[in-house]
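Here is a short tour of a metal site and its surroundings. Have the sequence and the model open as you read.

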Amino acid sequence: MAGIDYSERIPNNVGLSDNRRLQRALEDWQPKFLDWWMEMGPNGFQAKETYLRTAVSVDAQGWAQFDYVKMPEYRWGLFLAEREPGRTIGFGDHMGAPAWQDVPREYRGVLRRLIVTQGDTEPASVEQQRHLGQTCPSLYDLRNLFQINVEEGRHLWAMVYLLDAYFGRDGREESEALLQRRSGDRDKPRILGAFNEKTPDWLSYLMFTYFTDRDGKYQLASLAESGFDPLSRTCRFMLTEEAHHLFVGEAGIGRVVQRTCELMRESRTDDLRRLGGIDLATLQRYINFHYSVSLDLFGSEISTNAANFYTMGLKGRFEEGKKRDDHRLKDTTYSLNELDGDRITAREAPALPSLNERLRDDYIADCQRGLDRWNQIIEKHGIGQELRLPHRGFHRAIGLFAEVKVSPDGRVVSEAEWDAKKHEWLPTEADERYIQSLMQPVTQIGRFANWIAPPARGVNGRPIDFEYVRLA
Ligand SMILES: [Fe+2]
Ligand SMILES: [Fe+2]
């Protein structure tokens, strides 16, 4: 069961050939997906051979195989984590009942919306990143970009499988619509704000994979707790793929920090722009931006939707199964921020409608771990500076803090102070122009752009100077 059948047109471990109706629906969707991939996938590299991993089993160990593939020939398929015998619902009103193998009728609309919202982010990020290949800092980085792109494509397949298998005709309509919306399009935008932002350069992309893909990890982890078992199993396997995306972001920014520190030490100056490096102040502004737009993805502090998803047993907390409480949360509270004039205070709020904030708190703690590791790199170079996460109220467009302006250090500030300081806090046009000026492609084997250090090791035991993408 853990093995994946690659003899079929759509590789899968869901017994697709036993379900003719579903097989036909997905085989009908497959060429439309490919059309979308050719139109909106990585621009200019579709005919190049890339050293990619493909899932060959869903076992925790050794699930992947690596080989050269042209991206349009990538074997996108349907892979679910193995079924846990006797699994029961772990939270909410149905706690203790057997996990649902079919969609509970009364939750059909809500569940479909959850799946569509998750599914929509997957092709959106491919669209956002489609021009980056032209300015890659190395073949190693180019390959990692394409690996992420094909896997986001696979995540779209994962959600489309659920829609087609469990939601009948409206599921099929949603599957089509997922291929029709476009990131940043005025008439048919993607559903969530951060997925309509541009990813114009590699620094933004590394920040995106660190901060925004990490939102994905937390959403997937809470859907992996779902009482709807097919969703849970789908998300559990997606999380194993997502880990690589987060690695690319964390290690990538770490390599930028590394290079920045080397240049600072060599030149004894903070002003790295003459040297073609990215100074820490610019990095901090990019962190401030990407972190704050990613915080918005968790939604409002108080949300009846979040409470309902939980009570219905559709979306749990992060690591729900490891928590030692009643898993119903009707009589408990959670600490939330509150605005008292221009002071940010805290209050205890009912736990259920506060679930977005709780997930955001888990996310923030996780983000901080990467910052700590980047700061260790800075410290190792004997440089007395630090990168920081801005206050959660900084630059927010959703929830409590959307009403006010908050500085990175957590003060509510006047419009006048915001306007005077925002160029110190957020990337400026000059920053963007400078970063853009660094985006010169480096495609010689084993070479890296000046603004980023090489990685500690290559992919799958290959050396750093391996031909990760065959451009010739
Ligand atoms: Fe994804
Ligand atoms: Fe991802």
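How far apart are the iron ion (ligand 2) and the iron ion (ligand 1), and which residue coordinates both? They are 3.5 Å apart, and glutamate 152 coordinates both.

A word on the source: this is a predicted model, in which local features need pLDDT of at least 70, side-chain atom pairs count only at pLDDT 80 or more, and totals for chains, interfaces and linings use all residues. Residues are numbered from 1 along each chain as written, chains are lettered from A and ligands numbered from 1 in the order written, and side-chain values use heavy atoms, without hydrogens and water.

The table lists the protein donors (N, O and S atoms within 2.8 Å of the metal, or 3.2 Å for Na, K and Ca; water is not among the atoms, so sites may look incomplete).

| Ion | Protein donors | Distance |
|---|---|---|
| iron ion (ligand 1) | Glu122 (OE), Glu152 (OE), His155 (ND1) | 2.0 to 2.2 Å |
| iron ion (ligand 2) | Glu152 (OE), Asp213 (OD), Glu242 (OE), His245 (ND1) | 2.0 to 2.5 Å |

Glutamate 122 sits in helix α2 (residues 108-128) and glutamate 152 in helix α3, so the pair ties together parts 30 residues apart in sequence. Helices here are DSSP runs (H or I, at least four residues), numbered from the N terminus.

For ligand 2, the spacing is E-x60-D-x28-E-x2-H. Glutamate 242 and histidine 245 share helix α6 (residues 229-267), three residues apart, about one turn of the helix. Glutamate 242 is buried at 3% relative accessible area, and histidine 245 is buried at 0%; buried means under 20% (1.4 Å probe, protein chains only).

Conventions. Helix = DSSP H or I, 4+ residues; strand = E, 2+ residues; numbered from the N terminus. Buried < 20%, exposed > 50% of the residue type's maximum accessible area, 1.4 Å probe, protein only.
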